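Good morning, colleagues. Please take a moment with the sequence and the structure before I turn to a few selected sites.

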Amino acid sequence: MELRVLNYFLAIAREENITKASQILHVSQPALSRQMMQLEEELGVKLFIRSNHRIVLTEDGMLLKRRAQELLSLADKTRREFLHKETELAGEISVGSGEFHSTKELSRIIVAFRKKHPLVQFRIYSGNADNIQDYIGRGHLDLGVIGEPVDIGKYEFTSMPVKETWGVLVHRDSPLAGKDKIQAEDLLNIPLVTGSTHFPGELVNWFGGLYDEMEIAAAGNLLYNEAMLVESGMGAVVCIQLDCTYENLRFIPLSPVIQSRTALIWKKDSVFSPATAAFIDFAVKYLKGISEDKI
């Protein structure tokens, strides 16, 4: 299976018309049709349902579309990593991060690194721990900042020097808004919004015997989206405290206080581009407290 053929396939899937795709690709329609028939034969599946006016992907075609997008994205990333390899340090580093106080520290590291290596570019991806670990596993991200604990069987990591405080975001009209602290029983019968379909271990312990009675109404991977649900009348977001504020919402810390740590992770036993390897070394030294002028 060639990347060129996958690119042809994606063009047909996008245009839903082989004539339009052939014009965009500057490939004759018979040649393009032949390539797709050969691809179907190679995979042993039917990829398209053809009609007089449009082409529709089968279920197998939809699966190949997702995989082809991932493969072509990874190939493009690899190509960019090798640009300028023999001259000044350059390339692209892809980093994922949840929404944490420690993201500010990550930003400082990136800015300090680019002062030394201005040809290096960064691609930043926002997501939760599940998203980020999945993308690191597939090779779409080089590093990521996630909540501890870290699976040391899969990742190398360095801890971020920031503690994250847990609490809830509630609407100012909520009965909870007048409280200075939130206890587990306060959240009974309250539709909860979370950053994942499951709570981290320290929160499960905090809920204790009430955990199974909690109503998780929605889960997301960006706090703004979750906050808008509460703004619109959903019960409360269980989240960490960030510097951002929302006009109609109030953050209230949990009691007993729950704090957690985050870590910068990368896949164990991976071979990285020179730029990524240099950044990992730089970040580890930075986070160990070495002053910026000695890094």
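Predicted model: local features only at pLDDT ≥ 70, side-chain atom pairs only at ≥ 80, totals over all residues.

The side chains of Thr262 and Ser102 are joined by a polar contact of 2.8 Å. Thr262 belongs to strand 11, which covers residues 259-267. Is Thr262 buried or exposed? Its relative accessible area is 1%, so Thr262 counts as buried. Beyond its neighbours within four places in sequence, Thr262 contacts Phe100, Ser102, Val145, Ile146, Gly147, Glu148, Ser159, Met160, Val162 and Glu164. For a sense of distance, Val170 lies 92 residues from Thr262 in sequence, and the two C-alpha atoms are 24 Å apart in space.

Let me now turn to Glu164. Glu164 sits in strand 6, residues 155-171. Setting aside residues up to four places away in sequence, Glu164 touches Phe100, His101, Ser102, Ile240, Ile258, Gln259, Ser260 and Thr262.

Finally, a pair of helices. The axes of helix 2, residues 18-25, and helix 3, residues 29-43, come within 9 Å and cross at roughly 110 degrees. Helix 2 is therefore roughly perpendicular to helix 3. On the side of helix 2, the contact involves Ile18, Thr19, Ala21, Ser22 and Leu25, while helix 3 contributes Gln29, Leu32 and Ser33.

Key
Residues numbered from 1 in each chain as written. Heavy atoms only, no water. Helix = DSSP H or I, 4+ residues; strand = E, 2+ residues; numbered from the N terminus. Contact = heavy atoms within 4.5 Å. Axes fitted to C-alpha atoms, helices over the stretch in contact; angles between N-to-C directions. Parallel < 35°, antiparallel > 145°, perpendicular 65-115°, else oblique. Buried < 20%, exposed > 50% of the residue type's maximum accessible area, 1.4 Å probe, protein only. Polar contact = N/O pair within 3.5 Å; in protein donor to acceptor, adjacent residues only side chain to side chain.
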